[in-house]
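Colleague: I am new to this model. Please take me through one part of it closely, and then show me what lies around that part.

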Amino acid sequence: MPAQSIIARPMPTYWLSYVLVMPLAGFIFNAMILIGIGGLLGHKPTPPELLTGWAIATVLITLFALNIDRRKPHFELTDSTLRIGRGAYATVIPLEEIESAVFGLPEHTPWWFRILRFAPQSRGTHHFISMSRACSLFIRFGSRRYVPLCLYYTWMLNGRELMEALRERLQEKMVGAESYTPAEVAALKLAKFNRVGMLRGGDSSLAISTSDEGRRPSAFIAEATKAGAATESRGPRLAQLTSLPRHHPQRRRGRRRLRGVLLR
């Protein structure tokens, strides 16, 4: 039985917009460029020059708009894969390689973003991004890669259907918000929705994996807490060493010893 796929993509740009908008945009750009350059050079463009420039500008703007339409976000969910993008530049994620997923991004955001909700001009933007964060599906997959996926938009055709189908297929891999590591929280302060990212930093290896020998998320959280406590326990010793003179032999020996411990 062939795999049934769900394709989510933005609403298409209708041909009427190209017929009406592109010639007008070409006229405006042509007038700005030719008249502006002609004024600087002391040359008044002739009607044939204006007509030729308008035709060239219209063709270039149309090709630019068509290229943007071709590169619009495109998502496809099959029985075994999730494809993000098109062609050779697409990222194909086998569902079996997905380690875990969390519904909803961390609430930790920059301070300047939180105060946007108090300004009437930016309150709508703050609400839109906040709702996108709350409805995103954070997906972890191989090599510390991740994607905050959110397709619950009215302009995204089949976006809601794809999200609901994906949540259903990843039901056994869904974990709670307590599974977020410090590296993930930092990376998601300003999340780039629907784009694949890669975690950097030592604690990214503590990301939850429901397929790691059947261990529960709480075991990973315990490991993260233990690692943090071990690092903090070295603080007094480091403070004692830094209080010595810079070239003191005991300080240099102690720094080398602590550096070796921290890099383990």
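Modeller: Start at the hairpin made by β6 and β7. Its two strands are separated by 3 residues. One of the turn residues, S143, has a positive phi of about 60 degrees. Bear in mind that this is a predicted model. β6 covers residues 137-141, and β7 covers residues 145-149. The two run antiparallel and are joined by 5 bridges.

How many of its residues are buried? The count is 4 of 5, so β7 is mostly covered; buried here means under 20% relative accessible area. β7 also pairs with β9, again in the antiparallel sense, this time over 2 bridges. There, Y146 has G197 of β9 as its bridge partner.

Step back to the whole sheet. It is open and has 4 strands, in the order β5-β6-β7-β9, with antiparallel pairing. Which strands stand at its edges? They are β5, residues 100-103, and β9, residues 197-198. Each has a single partner strand, so one side of each is left without a neighbour in the sheet.

A helix packs on this sheet. It is α5, residues 159-169, and it touches β5, β6 and β7. The direction of α5 makes about 50 degrees with that of β6. One detail involves R167 and F103. The charged end of R167 sits over the ring of F103, 3.9 Å from the centre of that ring.

Follow α5 to another group of strands. The helix also lies across β1, β2, β3 and β8. It runs at about 40 degrees to β2. β1 spans residues 6-10.

These strands belong to an open sheet of 5 strands. The order is β4-β3-β2-β1-β8, and the pairing is antiparallel. At the edges stand β4, residues 91-94, and β8, residues 156-157.

Next, the aromatic rings. The model has 5 aromatic pairs. Take W112 and F113 as an example. Their ring centres are 6.5 Å apart and their planes stand at 90 degrees, so the pair is edge-to-face. Are the two residues buried or exposed? W112 is partly exposed, at 39% relative accessibility. F113 is buried, at 6%. Elsewhere, ring pairs link F128, Y153 and W155 into a cluster.

Of the contacts with a separation of 6 or more, 68% are between residues 24 or more positions apart. The accessible surface comes to about 17,300 Å². Carbon and sulfur atoms account for 62% of that surface.

Key
Residues are numbered from 1 along each chain as its sequence is written. This is a predicted model: local features need pLDDT of at least 70, side-chain atom pairs count only at pLDDT 80 or more; totals for chains, interfaces and linings use all residues. Side-chain values use heavy atoms; hydrogens and water are left out. Rings of Phe, Tyr and Trp (its six-membered ring) pair if their centres lie within 6.5 Å; planes under 30 degrees apart count as stacked, over 60 as edge-to-face and the rest as tilted. Buried means under 20% relative accessible area, exposed over 50%, partly exposed in between (1.4 Å probe, protein chains only). A charge sits over a ring if NZ of Lys or CZ of Arg is within 6 Å of the ring centre and within 35 degrees of the ring normal. Two strands pair if DSSP finds at least two bridges between them. Contact means heavy atoms within 4.5 Å. Axes are lines fitted to C-alpha atoms, for helices over the stretch in contact, and angles run from 0 to 180 degrees between N-to-C directions. Accessible areas come from the Shrake-Rupley method with a 1.4 Å probe; for residues, only the protein chains shown count as cover.
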